[in-house]
Amino acid sequence: MENLCWDVQNRAAAPTVGERPPRARDEGTDMKYMIMMFGGLGATLQDRTPEWITGMHELMMKLDTELKEAGEVVASHGLVDPSQAKTVRFTGGAPVATDGPFAEIKESLAGYWIVEVDEERAIEIASQVVAYTEYPMEVRRVMYGDETPQL
């Protein structure tokens with residue numbers, strides 16, 4: 001299966017495996033929200049039983065399938081462990097890449113969903129995971145290109 005991605009040069013979106021095309025903003029649909037899960041695989045799982053890990057994996061797979069079947073997911077991906085990350089910092093007048101994450105492992109992004117729902121539903125989705133993992137998740141609305149950031 002071919003994996004297509006963003007055309008960064010031309011700033012146009014190309015079809016991406018596992019993602020559905022975005023709906024038009026005026027279709028009467030809900031807003032887009034990014035639901036972010038934090039923590040590294042090793043740090044998050046080191047004190048958990050094999051049964052807990054299996055249960056978490058099953059919960060995540062079931063929820064992901066349900067969200068996709070309901071058409072609520074715009075995109076979703078897990079990320080490799082933060083120990084495999086690179087951080088680019090501005091050092092000595094130039095960008096420099098170093099090994100490892102910028103944040104503490106527990107604060108590193110582990111995966112995300114972008115869902116097209118109302119805020120209440122986005123919080124409900126995150127709450128299902130938090131109820132099992134007892135780790136926080138962040139829910140943040142995605143801005144549209146013509147929107148002015150509100151501070």
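Rings of Phe, Tyr and Trp (the six-membered ring for Trp) pair if their centres lie within 6.5 Å, with planes under 30 degrees apart counted as stacked, over 60 as edge-to-face and the rest as tilted. A search of the whole structure with that rule finds one aromatic pair.

This is a predicted model, in which local features need pLDDT of at least 70, side-chain atom pairs count only at pLDDT 80 or more, and totals for chains, interfaces and linings use all residues. Residues are numbered from 1 along each chain as its sequence is written, and side-chain values use heavy atoms, leaving out hydrogens and water.

**Overall layout**

The protein chain has three helices and six strands. Helices (H or I, at least four residues) and strands (E, at least two) are DSSP runs numbered from the N terminus. Read from that end, the elements run β-α-α-β-β-β-β-α-β. Of the 151 residues, 26% count as buried; here buried means under 20% relative accessible area, exposed over 50%, and partly exposed in between, with a 1.4 Å probe and protein chains only. Contact means heavy atoms within 4.5 Å. Among contacts in the protein chain with a separation of 6 or more, 69% join residues 24 or more positions apart.

**The core**

A nonpolar core is a set of buried Ala, Val, Leu, Ile, Met, Phe, Trp, Tyr and Cys residues joined through side-chain atoms within 4.5 Å. The largest one holds 18 residues, of which I35, W113, V115, I125, V129 and M137 touch the most other members. At least two residues of this core come from each of β1 (31-38), α2 (50-69), β5 (109-117) and α3 (119-133). Helix α2 gives the largest share, five residues. V129 shows how these parts meet: beyond its neighbours within four places in sequence, V129 is in contact with M37, L59, M60, L63, W113, E134 and M137.

**A walk along α3**

Let's follow this helix from its start, where a side-chain oxygen of D118 comes within 3.3 Å of the backbone nitrogen of E120. The 15 residues of α3 should span 21 Å at 1.5 Å a residue, and the end C-alpha atoms are 21 Å apart, which agrees; the expected span is 1.5 Å times one less than the number of residues.

Which residues of α3 are buried? They are A122, I125, A126, V129 and T133. An α-helix has 3.6 residues a turn, so residues three or four places apart point the same way. The cover over the buried residues of α3 includes β1, α2, β5 and β6 (137-141).

A126 and I123 both belong to this helix, and E134 lies in the loop between α3 and β6. Their accessibilities are set out here.

| Residue | Relative accessible area | Class |
|---|---|---|
| A126 | 6% | buried |
| I123 | 42% | partly exposed |
| E134 | 63% | exposed |

Aside from its neighbours within four places in sequence, A126 is in contact with I35, M137 and V139. The C-alpha atoms of A126 and I35 are 6.7 Å apart, although 91 residues separate them along the chain. For I123 and E138, 15 residues apart along the chain, the C-alpha separation is 8.9 Å.

E134 follows α3, and its phi is positive, about 65°, although E134 is not a glycine. Most residues other than glycine have a negative phi.

**A charge over a ring**

The charged end of R48 sits over the ring of W52, 4.1 Å from its centre. The rule here asks for NZ of Lys or CZ of Arg within 6 Å of the ring centre and within 35 degrees of the ring normal.

How values were computed. Polar contact = N/O pair within 3.5 Å; in protein donor to acceptor, adjacent residues only side chain to side chain.
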